[in-house]
Amino acid sequence: MATLEIRDLHVTVEADNATKEILKGVDLTVKQGETHAIMGPNGSGKSTLAYSLAGHPKYTITSGSVLLDGEDVLEMSVDERARAGLFLAMQYPVEVPGVSVSNFLRTSATAVRGEAPKLRTWVKEVKEAMERLNMDPAFAERNVNEGFSGGEKKRHEILQLELLKPKVAILDETDSGLDVDALRIVSEGVNRVRETGEVGTLLITHYTRILRYIKPDFVHVFSGGRIVESGGAELADKLEDEGYEAYTKGGVSA
Amino acid sequence: MAEAQNIPVGSTTAGQIAVAAESTVATRMSAPPSFDVADFPVPHGREEEWRFTPLERLRGLHDGTAVATGAGVKVVVEAPEGVIVETVDRDDARIGTAGTPVDRVAAQAYSAFEKAGVVTVPKETVLTEPIRIAVHGEGGVAYAHQVVELKAFAEAVVVIDHTGDAVLAANVDYILGDGAKLTVVSVQDWDDKAVHVAQHNALVGRDASFKSVVVTFGGDVVRLHPRVAYAGTGGETELLGLYFTDAGQHQEHRLLVDHNVPHCKSNVVYKGALQGEQAHAVWIGDVLIEAAAEGTDTYEMNRNLVLTDGARVDSVPNLEIETGEIVGAGHASATGRFDDEQLFYLMARGIPEHEARRLVVRGFFAELVQQIGVADIEERLLAKIEEELEASVA
């Protein structure tokens, strides 16, 4: 069973000629089939955790370890991590001018699966996945994220999630900027992937709204660069009622 | 990557849009156009038209010391039936009718060439196969003149292919009769040491269409100067360019579209990628809308993708408008670095770095390549881009 183990992770970032520590000892284990929600106020380091796991060059790991099925993720390049089974649905997906969605998806699937998918089954697979996400077929001919609305970008991220079938999916504020309809469609996509029981999900969010659609097994409160409280789904209800004030006192977070 | 911008007429930009009574496009040249090399002083490098060019690498084309050698370039013309292919003497009346040399090297080429090539497509002849002009450098110095004339309502595609090693200065005239349609693809696929300086003059007839595709990959120094003027109303021009500038190469494209008559259109799109130390691309895009040219519709764009440190781009769009009675006029110039966030996004989907780079560069050029409309050239270009990228990954 696939397991992602994060142990005492410390991460810094260079900003304004100074080194700032953002993550201050994160411990978390995500197993296949589990859904963990990471909730926290802005600036608490949630997105830094997501991007550090994916290997964004902006972040420097100063100590700690990340293992995926016992393999050292931190030793892997960004593309190796993806091929090992890590997937990051980004909060702000990047435009890639001149590269069509269909070309991108096929190139990506070929890389992750280790061989080019058979064309006939692939076309069908993409078409059906797009239909489930209420995406117009013409979408496949557009350039990656170019001119996409906020909702289209997020649906495109979830489309990739469905096609790439990772072991561990990190969803970085996938709910932000979505109206209720788009949130429902995107959440249904995530749930389809979860229902296979083959993915561990790390759902990073500022709001409890998405948790009405995607039920987490565990909720972790993130503040000041680490997890300060963990519990079950009931912890989200508490956050809904009380907000993050209890965790941000003492000025550890911006 | 920085986005290309639409810049409204009259606003300030990195280039210039001048609404002027007097043409600076013409006056900023250091001497008026002339067929005689003696009318141009030897450039010293600080002149506006020479300031980006490494004169010391022109192998004497600019100062009269480059003497034509026997084995300069070998020219082979393959033309479909119906096309007239001639080699003519200097006094042929068709030579020099599309434009006049505007700088010292063009005038040197005009003063020094011995025989000119003339390709003529007769009236109303529509070719289905391209005319191919292969210019192969044999290692020497050459001065050349080529004329391509399409009579009224003729239609043709001409591919001029430059390969091998040479020091070449040339003038190329394109004369389009009324209603003629000419697509010219000039490929600079030179060996590393070649030096190529040329002025292209197109004179576009009434209701005629001229499409120029300039593709520059090779050479030590390539400096091309495509120029367009109109002989009648209703003419349309499309100038497309693509360059891939490697370490140490100087590739300079200077364009002028002179809207000298009413109701003509022009569209200019040049895109380049650069990689390696001392790779230097220069793009000068001059568009002049003369007072008489009411109803003009023009747009020009230059985009550059800088793939590595150490490369340099100078991009100067310049739009000069002497009448306000136009349909549209705009320009854009953008130079962006290879975007690390794009790379991260693609790699985060499992795509290895070299493949991600290839996707982005292919994407950058793809739209332009598709507009060429000559299938074998499109394929060759894509293959060439792959080859350049392989070299950069290695």
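This is a predicted model: local features need pLDDT of at least 70, side-chain atom pairs count only at pLDDT 80 or more; totals for chains, interfaces and linings use all residues.
## Overall shape of chain A

Along the principal axes, the C-alpha atoms of chain A fill a box of roughly 55 × 40 × 40 Å. Eight helices and 12 strands make up the secondary structure of this chain. Of its 254 residues, 43% are buried.

Let's look at one sheet in chain A. Strands of a sheet pair through backbone hydrogen bonds, either parallel or antiparallel. Here six strands form an open sheet with mixed pairing, in the order E6-E9-E10-E3-E11-E12. Strand E6 (86-89) and strand E12 (226-231) of chain A stand at the edges; each has a single partner strand, so one side of each has no neighbour in the sheet. From one strand to the next, the twist averages 20°.

A helix joins the picture too. Helix H7 (residues 234-242) of chain A packs on the sheet and touches E3, E11 and E12 of chain A. The direction of H7 makes about 45° with that of E11(A).

Is strand E3 (residues 35-39) of chain A enclosed or open? Five of its five residues are buried, so E3 is largely enclosed by the rest of the structure. You can check both faces: Thr35(A), Ala37(A) and Met39(A) are buried on one side, and His36(A) and Ile38(A) are buried on the other.

E3(A) has strand E10 (residues 200-205) of chain A as a parallel partner, with five bridges between them. In this pair, His36(A) stands opposite Leu202(A). E3(A) also runs parallel to strand E11 (residues 218-223) of chain A, and four bridges join these two. There, Met39(A) stands opposite Val221(A).

## Where chain B meets chain A

How many residues does each chain bring to the contact? Chain B gives 20 residues and chain A gives 19 residues. On the chain B side, the elements that give two or more residues are helix H3 (340-347) and helix H4 (353-370) of chain B. H4(B) gives the most, with eight residues. By type, the residues on this side of chain B divide into 11 nonpolar, three polar and six charged.

How values were computed. Residues are numbered from 1 along each chain as its sequence is written. Chains are lettered from A and ligands numbered from 1 in the order in which they are written. A residue is buried if 20 or more other C-beta atoms lie within 10 Å of its own, exposed if 12 or fewer, and partly exposed in between; C-beta atoms are placed from the backbone. Two residues are in contact if their C-beta atoms, placed from the backbone, lie within 7 Å. Ala, Val, Leu, Ile, Met, Phe, Trp, Tyr, Cys and Pro count as nonpolar, Asp, Glu, Lys and Arg as charged, and the others, Gly among them, as polar. Two strands pair if DSSP finds at least two bridges between them. Axes are lines fitted to C-alpha atoms, for helices over the stretch in contact, and angles run from 0 to 180 degrees between N-to-C directions.
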